[in-house]
Amino acid sequence: MDLFDHAMQESLQREAPLAARMRPQRLDDFVGQEDIIGEGRLLRRAIEADRLFSSIILCGPPGSGKTTLARLIANYSQSHFSTISAVMAGKSELREVIDEARERRRLYQKRTILFVDEVHRWNRAQQDALLPNIENGLIILIGATTQNPYFDVIPALVSRSRIFMLKPLAETDLGELFERALSDKERGYGTRKIQVDPQAKEHLLRMANGDARSLLNAVELAVESTKPDASGVIHIDVQTAQDSIQQRAIHYDKNMDEHYDTISAFIKSVRGSDPDAALYWLAKMITAGEDPRFILRRLLILAGEDIGLADPQALQVASAAASAYEYVGLPEGIFPIVEATLYLATAPKSNSALGYFEAVKLIEQEGAQPVPTHLMDANRDAKGFGHGKGYQYPHNFPGHYVGQQYLPDAVQGKHFYQPSNEGREGEINRRLENLKKPSNNPNGK
């Protein structure tokens, strides 16, 4: 590196965003993730001893410390550290890194640690290209991803790596980063006079939602956009804090884990008859931009699967909400969605419709049985084959019911529908029990 390169690097460091400048240089300065990097933990011991011999994948939400942790590993290691962004780099860039690592090992017996940011963005072929070089120890991979590696990274790569899951930072952790940013004289704002109202700080910490980068970006914007007063003090009030962060960061990817986890929590809350929780998860999805049609489809399914005949009206309400949304759209269309959510959450529950799958299972195991002769269509083959002979028409009997065989001989006595005693289905259950009485079944059917 010549003098010009050195000067450029220093200039870039000074002009880098606050979040980049404040990255810790030592493990002791790393904030949060005590379960992974706390004193005495496996990964911390391996980093401090420079004994990272197996590849690792760091997964977690934005701003939880994945890139910071990778850079700390580089600071502690004697190995050569290379960095690639899977968003920008393709197979040719990866091949170049591998060739350089091979030459480095041959000439200097030096290991290469490769940090791949957003590793899930690489396709299968690109991920496969890493395998032989990880297998023979030429490269130690540090992969970072915001997605679930068990779904978005190929199994062969996952099996060769240790998975470490990072969590959103707690507000106490964010508070520590906040104070560092204001007090650090070399990388932060320690040389400036800054006064932050307690309510402004509280707002920034809360709205960052566990994302350190979001917090530090907001702090930087608040400080840099506020003029000092007559005494040289930069005063950050609540309004400035609100303007700097504006909207709470919601970790939600409509194609990935958070999407499925949140809809799962929503459906389980409705099924569990907790309207408050149901509204909370609904609000999270709508605020994050989830397609309301997706939510309505799930409510329609739930009305049949989890409520059923305990309240037959539930399916009609869900269907009406779906239809109303198509007419109205957002924002006003949220009202039929909320109404359907509350109706289904507070309705009596029954999953008796699952009896259908018991019938499917029996057919798959034993095959479909023939239709009893008396239930066959008499309009076509009554004369030649006796189809329909012996069938008793229920409307000709008291109560419009007569006990006769409806199941095939081989499955007589099987019960697929198990009505609950909840809501309307309780009445159905009592009626069926009454129909089973011997007086209504002279033939024992």
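Colleague: At what angle do helix α16 and helix α17 cross, and how close do their axes come?

Modeller: This is a predicted model. In it, the axes of α16 (residues 292-307) and α17 (residues 313-328) cross at roughly 170 degrees and come within 8 Å.

Colleague: Why are α16 and α17 called roughly antiparallel?

Modeller: Angles over 145 degrees count as roughly antiparallel. The crossing is at roughly 170 degrees. Therefore α16 and α17 are roughly antiparallel to each other.

Colleague: Which residues of α16 and α17 meet?

Modeller: From α16 come Pro292, Arg293, Leu296, Leu299, Leu300, Ala303 and Ile307. From α17 come Ala314, Leu315, Ala318, Ser319, Ala321, Ala322, Tyr325 and Glu326. This contact has twelve nonpolar residues, one polar and two charged.

Colleague: How do you know which ones are charged?

Modeller: Asp, Glu, Lys and Arg count as charged. Arg293 of α16 and Glu326 of α17 are in the contact, and two charged residues are counted there.

Colleague: What is the angle between α15 and α18, and how far apart are their axes?

Modeller: Helix α15 (residues 275-287) and helix α18 (residues 334-346) pack at about 150 degrees, with axes 9 Å apart. The cut-off for roughly antiparallel is over 145 degrees, so α15 is roughly antiparallel to α18. Their crossing is right-handed.

Colleague: What makes the contact between α15 and α18?

Modeller: Pro275, Ala278, Leu279, Leu282 and Ile286 belong to α15. Ile334, Ile337, Val338, Thr341, Leu342, Ala345 and Thr346 belong to α18. Ten are nonpolar, two polar and none charged.

Colleague: Which domains does the assignment give?

Modeller: The chain has domain 1 (33-165), domain 2 (171-244), domain 3 (256-346) and domain 4 (367-436). The centres of domain 2 and domain 3 are 39 Å apart, taken over C-alpha atoms.

Colleague: Which residues does UniProt list for "domain: AAA+ ATPase"?

Modeller: The unreviewed UniProt entry lists residues 52-169. That span is 42% helix and 25% strand, and its end C-alpha atoms lie 25 Å apart.

Key. Residues numbered from 1 in each chain as written. Predicted model: local features only at pLDDT ≥ 70, side-chain atom pairs only at ≥ 80, totals over all residues. Heavy atoms only, no water. Axes fitted to C-alpha atoms, helices over the stretch in contact; angles between N-to-C directions. Helix = DSSP H or I, 4+ residues; strand = E, 2+ residues; numbered from the N terminus. Parallel < 35°, antiparallel > 145°, perpendicular 65-115°, else oblique. Left-handed = near helix turned anticlockwise from the far one by under 90°. Contact = heavy atoms within 4.5 Å. Domains from an automatic or database assignment. UniProt positions renumbered as here; feature names shortened; annotations may be inferred.
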